[in-house]
Number of protein chains: 2
Amino acid sequence: MSLAVVALSGGMDSCVAASIAKNEGYKLALLHADYGQLTEARERRAFDELADHFDVPSHKRLVVPLQALKLIGGSSLTTASIPMENGNIDRDNLPNTYVPFRNAHLLATCVSWAEVIGAGEIFVGFVEHDSSGYPDCGVAFVKAFETVANIGTGINTNVAIKAPLIDMTKAEIIIAGMSLGAPLHLTWSCYKSETIPCGQCDSCLLRLRGFEQAGYIDPITAK
Amino acid sequence: MSLAVVALSGGMDSCVAASIAKNEGYKLALLHADYGQLTEARERRAFDELADHFDVPSHKRLVVPLQALKLIGGSSLTTASIPMENGNIDRDNLPNTYVPFRNAHLLATCVSWAEVIGAGEIFVGFVEHDSSGYPDCGVAFVKAFETVANIGTGINTNVAIKAPLIDMTKAEIIIAGMSLGAPLHLTWSCYKSETIPCGQCDSCLLRLRGFEQAGYIDPITAK
């Protein structure tokens with residue numbers, strides 16, 4: 001069995017990406033980034049519960065602080081004094097929940113870990129279109145980062161970065177997750193709250209619309 | 001005056017890169033990474049003294065912990081239980097001082113900061129040939145990362161990554177630094193010691209050979 005690093009935030013998309021990797025026969029190494037997001041405690045709980053669900057041993061779980069992102073700020077996700085804009089998933093401009101270049105830090109961490117543990121694949125749950133429009137989530141970004149990864153690591157390290165959801169809608173992701181038995185009931189998406197999803201932020205709006213379009217009840221609000 | 005982020009380790013190369021940026025008329029924003037390297041305390045002192053020398057105000061100095069690299073390990077620079085190989089600057093293989101994909105973490109941090117503070121240039125002291133042969137120091141890596149940076153940030157962010165020393169020999173770097181009045185006496189290069197340079201590690205060997213070839217006395221050993 002080949003080893004794959006999966007970037008697992010605790011949200012729905014990365015949970016489905018992990019389920020896809022598992023379904024493709026990979027042994028999972030799960031990486032969670034703490035970049036100072038305001039709901040990190042709840043996301044970390046989701047990560048732990050997902051890692052238990054996927055039966056990943058502790059030495060194949062890695063929680064990394066990306067303190068640079070917190071220190072640099074510039075986002076309502078990391079800086080409490082920047083008020084989060086109301087959710088608006090049809091906007092054209094970049095919402096202030098954008099964390100500047102976050103996914104480059106995340107992917108750099110995945111690549112370093114993959115190099116050390118000998119994983120040939122990295123799975124991420126990035127979504128390009130049915131999303132908040134962050135520039136570090138698209139196909140072009142992933143491809144360009146894969147090039148950087150293969151130039152910037154040792155000659156024996158070859159990594160493929162797989163983003164199996166990147167062209168899907170949220171509804172398609174939910175349907176794919178349901179068909180694989182992905183543990184969506186353990187995930188957390190809300191940007192604002194750590195108890196009951198606010199239902200108002202971009203992340204809640206995308207999740208709500210996705211479940212509605214997919215024709216399923218969201219297990220975390222059904223409880 | 002345009003603003004440039006300079007990645008400043010405290011070593012000689014990044015000091016000369018900072019001097020070049022200053023000489024080109026940029027206002028400097030200095031970034032130092034603490035990635036758990038064993039000699040960080042000494043490098044940090046060098047960073048502080050260099051930042052004072054360049055008269056950079058405190059809000060334009062950023063020290064970031066890159067804890068992921070320490071947690072992931074895989075290098076004798078960050079993991080005390082991996083014995084450092086003897087210096088050998090003519091070897092063909094990758095020395096165990098290579099920190100897996102470190103410079104991607106460093107550049108990602110520079111790009112995030114540049115995006116938030118509105119800097120259009122990033123200066124690094126990477127050296128491709130007259131070096132230990134790390135894969136994340138070459139022209140191809142820098143160019144590929146610049147592409148990633150411009151894809152993965154907001155539409156109004158454009159960053160150029162400048163590596164003015166990348167094709168130079170160490171002797172040429174020293175000569176360039178001397179001609180610009182770069183404060184080489186404040187820099188620190190040794191990988192092993194924080195008091196007197198060991199003279200044996202790759203970094204010392206490269207520095208010693210550089211000064212010899214340049215025909216100068218190294219101010220840190222001359223004391």
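**Salt bridges in the predicted model**

In chain A, Lys170(A) and Asp13(A) pair up through their side chains in a salt bridge, with 2.7 Å from N to O. Across all chains, the tally is 14 salt bridges, and here's a look at some of them.

- Lys170(A) has a relative accessible area of 10%, so it falls under the 20% cut-off and counts as buried.

**Another chain A pair**
- Asp52(A) and Arg61(A) also form a salt bridge, at 2.8 Å from N to O.
- Asp52(A) is partly exposed, with a relative accessible area of 49%.
- Arg61(A) is partly exposed as well, at 24%.

**A pair in chain B**
- Over in chain B, the side chains of Asp130(B) and Arg209(B) make a salt bridge, again given from N to O, at 2.7 Å.
- Asp130(B) sits in the loop between strand E4 (121-123) and helix H5 (139-151) of chain B, while Arg209(B) is in helix H7 (residues 202-214) of chain B, so the bridge ties together parts 79 residues apart in sequence.
- Asp130(B) counts as buried, at 11% relative accessibility, whereas Arg209(B) is partly exposed at 26%.

How values were computed
Residues are numbered from 1 along each chain as its sequence is written. Chains are lettered from A and ligands numbered from 1 in the order in which they are written. This is a predicted model: local features need pLDDT of at least 70, side-chain atom pairs count only at pLDDT 80 or more; totals for chains, interfaces and linings use all residues. Side-chain values use heavy atoms; hydrogens and water are left out. A salt bridge is a side-chain nitrogen of Lys or Arg within 4 Å of a carboxyl oxygen of Asp or Glu. Buried means under 20% relative accessible area, exposed over 50%, partly exposed in between (1.4 Å probe, protein chains only). Helices (H or I, at least four residues) and strands (E, at least two) are DSSP runs, numbered from the N terminus.
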